[in-house]
Amino acid sequence: MKLNIDGNFKYYTFESLEKIDFIGHCFTSRHGGVSTGYLESLNLGFSRGDEPENVDKNFDIVCNTLGVKKENCVTLKQVHSTKIITADESIKGMGFRKDINRIEADAFVTNKKGIVLVTFHADCVPLFFVDTENKAIGMAHSGWRGTADGMAAAMVDRMKDEFGTKPENIKAGIGPSIGICCFQVDKPVVDIFMEKYKFADKYIVNDKLCEGKYKIDLWGINKEILLEKGVKADNIEIGGICTKCHPETFYSHRVMGEKRGTMGAFLFLK
Ligand SMILES: [Zn+2]
């Protein structure tokens with residue numbers, strides 16, 4: 001992944017996705033917005049206790065840099081599910097303002113231009129999908145629960161059903177989120193992964209510093225799920241940036257708890 005700077009606004013992009021001329025994308029940091037206090041400064045969440053005008057302005061800052069209209073953004077009421085919706089004109093603008101009701105889901109797909117898919121993150125894994133053949137995209141919020149429940153696989157299946165996407169034509173990005181360095185869990189979470197995935201033990205280690213605790217590599221598990229679905233290894237880019245390791249750059253739920261803002265993963269067809 002690469003860091004981009006536009007004035008005070010700092011954001012990340014995948015080198016592999018930047019080469020695709022018919023899409024735009026980014027993952028925001030906490031820098032370059034107008035929110036203050038623990039929300040400093042680019043909070044994109046309406047439910048974090050921020051002034052709605054601040055969140056509005058922060059969306060403007062991101063949208064100006066991306067060259068898109070805020071009114072074309074769609075967001076979801078994320079509930080750690082694997083529910084995916086197909087975004088079309090009827091939901092344009094959904095959720096870029098607090099007063100617009102949002103659908104409960106954690107991912108969306110579209111092949112319509114001008115709809116900006118936005119998912120919210122603060123440690124949970126953002127998954128970007130681009131079908132380079134059929135010009136379709138997908139954006140998913142996949143925390144440990146979503147990863148355990150197979151969000152990445154569900155996205156490949158959904159794009160196949162909706163757009164005839166072939167896995168070998170998918171380029172995927174696994175964005176900034178909590179890394180194995182920091183994602184410490186208890187045995188019950190380990191058991192869930194071990195039960196679900198044959199390969200899980202490759203991505204789970206004992207926490208050497210903490211007896212009875214484990215660490216899980218959600219990036220590796222998501223990549224392995226995509227490989228099993230037929231996505232090519234060369235077409236999967238792992239950002240490799242841990243949000244908990246860099247609280248000065250990112251909001252991290254594990255570091256800050258509820259007193260934190262929210263970053264956005266943006267993806268759209270031009
Ligand atoms: Zn870390």
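How many bridges join strand S1 to S2, and do the strands run parallel or antiparallel? Select residues 2-6 for strand S1 and residues 9-13 for S2: 5 bridges join the two, and they run antiparallel. Strands are DSSP runs (E, at least two residues), helices are runs of H or I of at least four, and both are numbered from the N terminus. Two strands pair if DSSP finds at least two bridges between them.

This is a predicted model, in which local features need pLDDT of at least 70 and side-chain atom pairs count only at pLDDT 80 or more, while totals for chains, interfaces and linings use all residues. Residues are numbered from 1 along each chain as its sequence is written, and side-chain values use heavy atoms, with hydrogens and water left out.

**Stop 1: the hairpin**

Select Gly7. The hairpin of S1 and S2 has 2 residues between the strands, and Gly7 takes a positive phi near 65 degrees there. Next pick Leu3, whose bridge partner in S2 is Tyr12. Tyr12 also has a bridge partner in S3, namely Phe27. Strand S3 covers residues 23-28; 2 bridges join S2 to S3, and these strands run antiparallel.

**Stop 2: S2 and Thr13**

Colour S2 by accessibility: 4 of its 5 residues are buried. Buried means under 20% relative accessible area, exposed over 50%, and partly exposed in between (1.4 Å probe, protein chains only). Now select Thr13, which lies in S2. Thr13 counts as buried because its relative accessibility is 2%. Its side chain makes a polar contact of 2.9 Å with the side chain of Asn4. A polar contact is a pair of N or O atoms within 3.5 Å; within protein, one must be able to donate a hydrogen and the other to accept it, and residues adjacent in sequence count only if both atoms are side-chain atoms. Apart from neighbours within four places in sequence, Thr13 is in contact (heavy atoms within 4.5 Å) with Met1, Lys2, Asn4, Glu18, His25 and Cys26.

**Stop 3: the zinc ion**

Select the zinc ion and show the SG atoms of Cys181, Cys182, Cys242 and Cys245, its protein donors, lying 2.3 Å from it. Donors are N, O and S atoms within 2.8 Å of the metal (3.2 Å for Na, K and Ca); water is not among the atoms, so sites may look incomplete. The donors follow the spacing C-C-x59-C-x2-C along the chain. Cys181 sits in the loop between strand S10 (170-174) and strand S11 (184-185), and Cys245 in the loop between strand S14 (236-238) and helix H7 (253-256), 64 residues apart. Cys181 is partly exposed, with a relative accessible area of 40%, and Cys245 is partly exposed, also with 40%.
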